Amino acid sequence: KLPESQGALRKALQTIHVDSPTLGDEVGKLQYLDLVVREMLRLHVSVTWTMRVATKDDEISAGNPCLDQNGEYSNSIKIRTHGIITIPILAINKKDILGEYSYSFRHVPSCNILCSLAAH
């Protein structure tokens, strides 16, 4: 679907010598491959949610006011020691969070930005 991205990935992969004794190291240095894999995992989530346990009483800042269990709005969420936080990874890939390209492969623009940042 994206010939420019496919071509760039092929070009990057062709720089590796398959008979190299450090093949794993060479593959690990391919930034473009890394970004393609990360983008594919964003689109095709292998883990739909995860959980974390608080190690101490804490307060998590919220981007927008939240309605708490008492019916009051708050700009933060209080969590107690040993409280469980569920993170809905699949829900993060929504249009209102990531914008209009949230359900499409968008590797080429992000690679240009990330590769230029990584170079500095």
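Helices (H or I, at least four residues) and strands (E, at least two) are DSSP runs, numbered from the N terminus. Met51 lies in one such run, strand S1 (residues 50-53). This is a predicted model: local features need pLDDT of at least 70, side-chain atom pairs count only at pLDDT 80 or more, and totals for chains, interfaces and linings use all residues. Residues are numbered from 1 along each chain as its sequence is written, and side-chain values use heavy atoms, with hydrogens and water left out.

**Nonpolar patch**
- Trp49, Met51, Val53 and Ile84 make a nonpolar surface patch of about 420 Å².
- Patch residues have over 30% relative accessible area and no salt bridge; like charges are joined within 9 Å, nonpolar side chains (Val, Leu, Ile, Met, Phe, Trp, Tyr) within 5 Å.
- A salt bridge is a side-chain nitrogen of Lys or Arg within 4 Å of a carboxyl oxygen of Asp or Glu.
- Areas come from the Shrake-Rupley method with a 1.4 Å probe; for residues, only the protein chains shown count as cover.

**Met51 and Ile84**
- Met51 is partly exposed, at 39% relative accessibility.
- Ile84 sits in strand S4 (residues 84-87) and is exposed, at 54%.
- Buried means under 20% relative accessible area, exposed over 50%, partly exposed in between (1.4 Å probe, protein chains only).
- Beyond its neighbours within four places in sequence, Met51 contacts (heavy atoms within 4.5 Å) Ile84, Ile85 and Thr86.
- Met51 and Pro88 are 37 residues apart in sequence and 8.7 Å apart in space, C-alpha to C-alpha.

**Helix H1**
- Ser5, Leu9 and Ala12 are buried in H1 (residues 3-13).
- Seen down the axis, the buried residues of H1 fall within an arc of 60°, so they line one face.
- The arc is that of the directions from the helix axis to the C-beta atoms.
- Pro3, Glu4, Arg10 and Lys11 are exposed on the other side of H1.
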